[in-house]
Protein chains: 2
Amino acid sequence: MTKIAILGYGNLGRGVECAIKNSSDMELVAVFTRRDPSTVKIQTAGVPVVKADEAEKWVGKIDLLIICGGSATDLPVLTPKFAKLFNVIDSFDTHARIPEHFANVDAAAKAAGNIAMISVGWDPGLFSLNRVYAESILANGKDYTFWGKGVSQGHSDAVRRIEGVKNAKQYTCPVEAALEAVRSGKNPDLTTREKHTREVFVVAKEGADLAKIENEIKTMPNYFSDYDTTVHFIDEEEFNKNHSGLAHGGFVIRSGKTGWNNEHNHIIEYSLKLDSNPEFTTSVLVAYARAALRMKANGVTGCKTVLDVPPAYLSTMSDEDLRAHCL
Amino acid sequence: MTKIAILGYGNLGRGVECAIKNSSDMELVAVFTRRDPSTVKIQTAGVPVVKADEAEKWVGKIDLLIICGGSATDLPVLTPKFAKLFNVIDSFDTHARIPEHFANVDAAAKAAGNIAMISVGWDPGLFSLNRVYAESILANGKDYTFWGKGVSQGHSDAVRRIEGVKNAKQYTCPVEAALEAVRSGKNPDLTTREKHTREVFVVAKEGADLAKIENEIKTMPNYFSDYDTTVHFIDEEEFNKNHSGLAHGGFVIRSGKTGWNNEHNHIIEYSLKLDSNPEFTTSVLVAYARAALRMKANGVTGCKTVLDVPPAYLSTMSDEDLRAHCL
């Protein structure tokens with residue numbers, strides 16, 4: 001059994017715990033937390049919750065540490081730090097800062113002789129894989145990524161910071177007409193506004209100025225001003241009943257031409273429809289934890305991404321069984 | 001530039017030629033044929049067409065040979081034979097015989113210090129990848145492969161062998177209701193008849209017994225008797241106008257559960273809509289030819305499949321560019 005530890009027990013940490021329970025070849029051996037361990041109640045019986053400061057004592061006792069934290073401030077510090085102690089994996093998802101994060105983690109992991117895998121999840125992650133496969137196969141083409149329908153935590157947080165807002169949830173929605181235009185092979189040039197709409201459900205504080213809230217949302221730069229946004233005011237009961245989930249999903253589509261005179265069109269489409277974004281993301285993390293340790297066993301150290309991993313390494317099946325049953 | 005040669009100049013060989021034209025890092029240097037070379041007219045200017053018997057003279061002059069032949073009788077002989085001379089790749093697609101073909105090709109390629117890649121295309125190939133990725137991530141789930149709407153050459157051939165049939169084309173069609181049931185997360189158990197229908201367009205010979213032809217088609221064991229089949233009799237003009245293409249496609253869908261009590265469902269769907277089955281298949285072959293040579297440059301020899309290939313190897317982009325732009 002592969003010994004896994006988790007650092008950070010929020011939505012992602014809980015998701016990893018569930019994914020390990022679903023994996024026949026893995027066991028959870030410790031949860032590290034930056035909070036007071038006595039306040040953290042986990043679901044797996046008999047597994048200790050330990051202060052993150054004491055992680056060093058666990059060197060040699062765990063095979064890989066899954067680091068569950070935010071990409072803005074947590075992971076840029078935590079992943080290089082812990083890559084010096086353990087084989088690690090994270091879900092760093094700030095696309096623009098991946099090269100910098102990669103360099104920092106690579107240096108730390110290489111120096112320690114560990115393997116580290118960053119930016120594992122679905123975007124970056126499975127969507128990245130599909131962009132690379134599709135682009136490599138249909139060299140003469142164009143690709144499109146759509147997100148949703150799903151909850152954007154960042155946008156929900158931004159709305160909650162508006163005066164008079166008690167609670168809020170923001171859904172990113174792909175525009176069906178844009179999806180259809182892409183699928184038809186027309187290779188349209190699409191603006192931000194043409195690709196996605198935003199839908200916001202707001203619980204307002206008593207006596208709040210609803211028109212003012214709605215206007216502040218719709219005109220908020222970066223977050224909403226480039227989109228067609230619909231705002232719904234609802235009461236707390238409806239909010240809790242219908243908007244407490246963390247569903248998400250999306251589409252990666254490549255449309256490309258082949259033939260001596262580019263006379264044939266092809267559409268490659270990959271889509272996800274996820275009831276729980278964190279639980280799915282962490283299922284991807286756990287599969288890549290398996291792969292990372294196989295690469296390590298083959299002598300690979302340093303930082304890697306999903307683009308470096310042979311698909312067979314993710315599976316619990318042997319190469320022979322994969323060829324016989326899945327190929 | 002990578003020097004590629006083609007063995008066999010039918011639909012697949014022509015597709016490879018187009019895909020090489022679309023690849024910035026590859027050039028076609030020879031076409032080997034088992035026919036009289038003077039009867040084979042290719043499209044690329046200045047490239048020699050050579051008797052397959054003389055391929056041995058090209059050792060050292062080409063980087064990789066793409067073997068274009070049928071899986072029933074051609075590839076089981078040709079791929080092991082030429083793996084002794086060159087790095088090779090094929091699209092062997094008889095799923096049940098992959099382990100046997102793998103063993104033969106692996107022995108030949110290893111003995112010669114070459115790399116060989118088999119069963120490259122979309123099924124086996126891209127569909128296999130998606131089955132392995134999805135199954136590894138959603139361990140607790142079920143997967144489904146649907147084909148079509150598209151032309152099945154084998155079924156078209158079977159109909160053409162019926163007395164009174166002048167020409168015929170068979171389309172395999174996924175059943176929309178079955179696709180929807182799978183996408184809904186219901187994990188249905190589907191019979192052969194529930195997953196696909198078959199649609200046949202027949203040009204009958206003058207005076208042929210149409211009712212007899214229709215009955216022979218619908219009751220043909222293995223090919224049609226387990227399916228709901230629709231037969232259309234049309235004239236030659238309509239046949240040539242509307243049924244001369246080689247479009248195909250399909251869907252790989254996995255539906256799986258996560259959560260402490262399996263309370264959340266997720267759908268991963270991969271689909272292809274292809275105007276030209278052979279041109280798309282060969283675009284996959286050419287991308288994997290690039291990858292095979294990278295593996296070879298890293299010291300890998302013997303037989304490999306798409307499941308062994310790190311996705312980054314397929315791309316013309318550097319690892320740095322892939323991380324910055326595609327991850």
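Let me start with the contact between the two chains, which takes 71 residues from chain B and 70 residues from chain A. Keep in mind throughout that this is a predicted model.

How much area do chain B and chain A bury between them? The figure is about 5,900 Å², and 62% of it is on carbon and sulfur atoms. On the chain B side, the residues that lose the most area to chain A are Trp260(B), Arg323(B) and Leu327(B); together they account for 16% of what that side buries.

Which elements of chain B supply the side that touches chain A? Each of the following gives at least two residues: helix 1 (11–21), helix 3 (98–112), helix 4 (126–137), strand 12 (248–258), strand 13 (264–274), helix 10 (277–297) and helix 11 (319–325). The largest share, eleven residues, comes from strand 13 of chain B. By residue class, the side of chain B that touches chain A divides into 34 nonpolar, 21 polar and 16 charged.

Let me stay with strand 13. Strand 13 of chain A, residues 264–274, pairs with strand 13 of chain B in the antiparallel sense, over nine bridges. If you want a place to look, go to Tyr270(A): the bridge partner in strand 13 of chain B is Tyr270(B).

Next, a part of the fold inside chain A. Strand 10, residues 196–204, and strand 11, residues 228–233, both of chain A, pair in the parallel sense over six bridges. One of the positions to check is Val200(A), whose bridge partner in strand 11 of chain A is Val231(A). With helix 8 of chain A, residues 210–218, strands 10 and 11 of chain A make a β-α-β unit, and that unit is right-handed.

Side chains of opposite charge can pair when their charged atoms come close. In helix 8 of chain A, Lys218(A) and Glu214(A) lie four residues apart, about one turn of the helix. Lys218(A) forms a salt bridge with Glu214(A), and the closest N and O atoms are 2.9 Å apart.

Methods
Residues are numbered from 1 along each chain as its sequence is written. Chains are lettered from A and ligands numbered from 1 in the order in which they are written. This is a predicted model: local features need pLDDT of at least 70, side-chain atom pairs count only at pLDDT 80 or more; totals for chains, interfaces and linings use all residues. Side-chain values use heavy atoms; hydrogens and water are left out. Contact means heavy atoms within 4.5 Å. Buried area is the accessible area (1.4 Å probe) that two parts lose on being put together, summed over both. Ala, Val, Leu, Ile, Met, Phe, Trp, Tyr, Cys and Pro count as nonpolar, Asp, Glu, Lys and Arg as charged, and the others, Gly among them, as polar. Two strands pair if DSSP finds at least two bridges between them. A crossover is right-handed if, with the strands pointing away from the viewer, the path from the first strand over the helix to the second runs clockwise. A salt bridge is a side-chain nitrogen of Lys or Arg within 4 Å of a carboxyl oxygen of Asp or Glu.
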